[in-house]
Amino acid sequence: MNASPATPSPAPGRSGLLQRAPLPLLLALAFALPLFVRSATYLHILILLLLYAYLTTSWNLVGGFAGVLPLGHAAFVGIGAYTSTVLSLQYGLSPWIGMVIGGILSTFVGVLIGLPTFKMRGAYFALATIAFAEGLRVMVENIDQLGPFRLNGPRGLQIPPLELGFGRFMFAEKEPYYYIILTMLVLAVGITWAVSRSKLGYCLAAGGEEPEAAQSLGVNVARVKLVAMAISSFLTSLAGTFWAQFTLYIHPKSVMSLDISFEIAFIALIGGRGSIAGPLLGALLLRPVSDFSRIHFGDTLPGLHLVIFGVVLILVMLYQPRGLQEPLTRFYRRGMRRLFGAVEGG
Amino acid sequence: MRLLELHRVSKHFGGIRAVEEFSLEVQAGEIVGLIGPNGAGKSTLFNCVAGVFPPTSGEIVFQGKRIDGRKPWELCRLGIARTFQIVKPFASRTVLYNVTVGAFAATSRLAEAERRALEVLRTLRMEDKAHVRAANLTIADRKRLEIARALATRPRLLLLDEVMAGLRPTEVDEMVAVIRRLRESGITFFVIEHIMRAVMALSDRIAVLHFGHKIAEGAPAEVARDERVIKAYLGEDYGAA
């Protein structure tokens, strides 16, 4: 065979660049937002929005790229929250360190769940993860003392705000929390982006779509899913610590509830799973619905937001099965093209 | 040099004896065809070689090493790649993405894998479709994509499961030419094929499977004359003619 000259590949990165162009702008806006939003309530809502964007982004590594539907990620939120809180209350350990320890513990648990369940398909996997997370919640609800650790059963743990400051992960104002969760989100998105452009990302996508074909191409599908699960449960767990430090009160029904797992899945499915923008978009659209329904209908119609999500999800699945990110990216690209001329193709 | 050896390989599913004591040797650089009527056990045999399931008994040896019972991804790393009779593209992804997954078998770097994938696509004259979504390909191109992905893993042995089925005659000719070119580059082929014209033209040797048993083996012309083969394909009445 004669060496053929390298023909120019039709620039696969260009459309990506076009997408990334406004990223610094968006980021600057996100960092500047607390300067304009002075109301503590709205800042609180924004923080929860970012928290769910972060949770969904972390979930997306398994639920999006690996093509399975885990519905038990609340378990990792709980493990993260309880680990750092118990260690800080009983041993005075900085929640930052507890955060990492919780993350490692969650990774371990995540892999342990993944080992048997990744062999299951579709709904069976989803059900198994629900069962696990619920099982863990019920256990924590019924345990007051686990060896040396005080869990306090259903009453949960209160974190007295005695000592404020970065080292204690505790602040009187909401702004520091905002910046912490925003930084965490940026990092998680960065990790997702790196994974999607790596061998792991390709293998996950392949294994999620056609496992048999992927295996024949050298992909150990079960193993790459476990790796994704490990990263995902680690990241999810960090959010648990954040949650605990932000609300200063955790109990099994708050940080381990099935609602969290479901809301994550709703956000991902409606936004577009398996894409980087999907979780962000989904959180941006759904979180306000969730908060306002709780504020205005919390007493009369609790759980209304889940009903609304369900309806929205049905509509999205019917008309945009790949999530809302797809039409929006298309729309956005068209707009960019109109603004800057035919950048793509040619 | 013997690349692949099958020693008395059997595969039973409960009471069904899909493959019974099948033996065959494939030399490096050969193209060996496997033919037989529908349900003869061809795909079952392929699946045993490709690691989808282990044989019930018998030995499969590749490059002198026992490989029966190994998993598909392990076999891929050893140098065995395959295509699927019912094509399984990563439909939501581009052709380039599909082939890059295969190329990742030999490297961990995306740039390197994509370079390798484009090289393979050029070899198969598919580079113009690199950015087309696999779901939008014609059946001929999907079959080609199966080969491209498998090739990107840098196999020594390529198992082709009916890559010509559903192709138009001109497309069959193209595919035959492609496989010949690939053989020139040093790849060994073990092919299941129903299109006689193609398998006769391609193969150095042909094995015939009938109800799980090998009933003939030899050069294409010999096999085509074999009475048992004619009977198996055309029925008892033709045997006397």
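Two residues are in contact if their C-beta atoms, placed from the backbone, lie within 7 Å. In chain B, residues 24 or more positions apart account for 63% of the contacts with a separation of 6 or more.

This is a predicted model, in which local features need pLDDT of at least 70, side-chain atom pairs count only at pLDDT 80 or more, and totals for chains, interfaces and linings use all residues. Residues are numbered from 1 along each chain as its sequence is written, while chains are lettered from A and ligands numbered from 1 in the order in which they are written.

Chain B has nine helices and 10 strands; helices (H or I, at least four residues) and strands (E, at least two) are DSSP runs, numbered from the N terminus. Its C-alpha trace spans about 60 × 40 × 35 Å along the principal axes. A compact globule of 241 residues would have a radius of gyration near 18 Å, and the 18 Å of chain B agrees with that. This radius is taken over C-alpha atoms, and the globule rule is 2.2 Å times the number of residues to the power 0.38. Of the 241 residues of chain B, 49% count as buried, meaning that 20 or more other C-beta atoms lie within 10 Å of the residue's own, with C-beta atoms placed from the backbone.

Six strands of chain B form an open sheet with mixed pairing, in the order β6-β7-β8-β3-β9-β10. Strands pair if DSSP finds at least two bridges between them. At the edges stand β6 and β10 (213–218) of chain B, each with a single partner strand, so one side of each has no neighbour in the sheet. Strands β3 and β8 of chain B pair in the parallel sense over four bridges. Within this pair of strands, B:Gly33 has B:Val191 in β8(B) as its bridge partner.

Chain B also touches chain A: 29 residues of chain B are in contact with 24 residues of chain A. The elements below each supply at least two residues of that side of chain B.

| Element of chain B | Residues |
|---|---|
| α2 | 72–78 |
| β6 | 80–82 |
| α3 | 95–103 |
| α4 | 110–123 |

Chain A averages a pLDDT of 89, and 92% of the residues score at least 70; pLDDT is the predictor's confidence in each residue, from 0 to 100. Among the elements of chain A, helix α1 (residues 13–20) has the lowest mean pLDDT (51), and helix α4 (residues 74–91) the highest (97). Over residues 1–14 of chain A, pLDDT stays under 50.

Notes: Buried ≥ 20, exposed ≤ 12 C-beta atoms within 10 Å, placed from the backbone.
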